[in-house]
Amino acid sequence: MLRLSYWVFPIISGVVWLGTLLGLLLYWIIDTKRMRYTSMADSQNIAYISDVGAARLKPLFITGCVITTIFLDISFGADRWLRHRGRLVPNTSRGEKILSGLTIVFAFVGTVGLVFLSIFDTARHPKLHDVFLLLFIAGYVLSAIFICWEYQRLGIRYREHRVLRISFWIKLTFVVVEILLAIAFVACTFTGRYNPGAVLEWVIAFIFSFYVFSFYIDLYPAVNTKDPRNVHKMTQHKSRYPAAADLGAAEMEEGSASSDRNLNGAVAAAPAVHNNGRGYGHSNNF
């Protein structure tokens with residue numbers, strides 16, 4: 001049975017973002033037959049997302065950006081709150097809490113960038129649009145870097161929670177790929193290679209949707225801690241070296257068994273002491 005929980009927030013965010021992108025792309029390809037917008041350069045044949053979003057489908061573009069960022073920010077907030085309550089493995093150091101806070105701050109910067117770039121479109125406000133585009137990319141990339149750093153520390157501390165390592169590698173892959181693509185995108189745009197730049201923009205945007213979906217992995221474990229009796233299981237801190245801990249426990253158990261055998265042997269070897277005093281007689285011979 002599927003149990004609804006906080007994991008639905010990144011799913012909603014990712015589905016809306018993916019739907020918005022597909023709606024814009026398919027509209028441009030199928031409905032408009034790859035039309036040229038007034039915001040496109042003379043040498044440009046492939047429309048940027050912002051070119052399509054600045055025209056007839058601007059209301060869809062704005063709505064999609066707003067809903068995507070709202071539910072993504074809720075996902076960031078839910079992650080922090082659930083760790084604070086112990087329903088996800090908690091942050092146990094000030095450094096981890098600072099990283100979590102920076103993740104949320106830069107996610108908000110990315111939110112502002114994405115929402116305002118959809119409002120200040122490239123056809124009417126090209127300079128403002130470029131500024132907010134930079135805020136969007138930089139904000140969410142920095143946010144991803146900080147959450148990777150936080151999850152790397154959590155993964156070392158809680159080695160028994162494999163999901164932390166999986167999430168870390170997914171997000172780290174996103175950071176590396178998006179940074180490389182963003183560099184190529186900026187280089188193409190500022191050197192007048194608009195068609196490759198447009199392709200890169202669509203690719204970056206679609207990859208971002210998978211980053212959003214990755215928070216499902218982080219929030220799903222909270223399904224198992226709805227019962228307050230299960231919350232303590234997330235806060236149990238196992239040894240970083242479980243094999244060594246098991247070996248130590250085995251040695252202690254063996255030592256205890258050996259002590260018992262020695263004690264039993266000593267009791268069996270001791271001379272019997274009776275009420276008639278013969279035992280004391282042996283003692284008097286000393």
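## Around Glu201

Leaving aside residues up to four places away in sequence, Glu201 touches Tyr48, Ile49, Ser50, Leu133 and Phe185, where contact means heavy atoms within 4.5 Å. Glu201 sits in helix 7, residues 194-213. Helices here are DSSP runs of H or I with at least four residues, strands are E runs of at least two, and both are numbered from the N terminus.

Glu201 is buried yet has no salt bridge. Buried means under 20% relative accessible area, exposed over 50%, and partly exposed in between, with a 1.4 Å probe and protein chains only. A salt bridge needs a side-chain nitrogen of Lys or Arg within 4 Å of a carboxyl oxygen of Asp or Glu. The nearest side chain of opposite charge, Arg34, is 14 Å away; Lys and Arg count as positive, Asp and Glu as negative, while His and the chain ends are not counted.

## What kind of model this is

This is a predicted model, in which local features need pLDDT of at least 70 and side-chain atom pairs count only at pLDDT 80 or more, while totals for chains, interfaces and linings use all residues. Residues are numbered from 1 along each chain as its sequence is written, and side-chain values use heavy atoms, with hydrogens and water left out.

## The overall picture

The protein has eleven helices and zero strands. Of its 286 residues, 39% count as buried. Take the contacts with a separation of 6 or more: 77% of them come from residues 24 or more positions apart.

## Helix 4 and its neighbours

Helix 4 (residues 94-119) has 26 residues and spans 38 Å from first C-alpha to last, close to the 38 Å expected at 1.5 Å a residue. The expected span is 1.5 Å times one less than the number of residues.

Its buried residues include Glu96, Thr103, Gly110, Gly113 and Leu117. The buried residues of helix 4 pack against helix 1 (8-31), helix 3 (58-85) and helix 5 (126-157).

## Salt bridges

There are five salt bridges in the structure. One of them pairs Asp121 with Lys58 at 2.6 Å, N to O. Asp121 is in the loop between helix 4 and helix 5 and Lys58 is in helix 3, so the pair ties together parts 63 residues apart in sequence. Both Asp121 and Lys58 are buried.

Arg83 and Asp79 also meet in a salt bridge, at 3.2 Å, N to O. These two both lie in helix 3, four residues apart, about one turn of the helix. Asp218 and Lys171 form a salt bridge too, with their closest N and O atoms 2.8 Å apart. That pair links distant parts of the chain, Asp218 being in helix 8 (residues 215-219) and Lys171 in helix 6, 47 residues apart. Lys171 counts as buried because its relative accessibility is 0%.

## Helix 6, inside and out

Leu181 is found in helix 6 and counts as buried at 17% relative accessibility. Leu181 touches Leu200, Val203, Ile204 and Ile207, again not counting residues up to four places away in sequence.

Helix 5 and helix 6 (162-190) are the elements giving two or more residues to the patch. Ile145 lies in helix 5 and, at 34% relative accessibility, counts as partly exposed.
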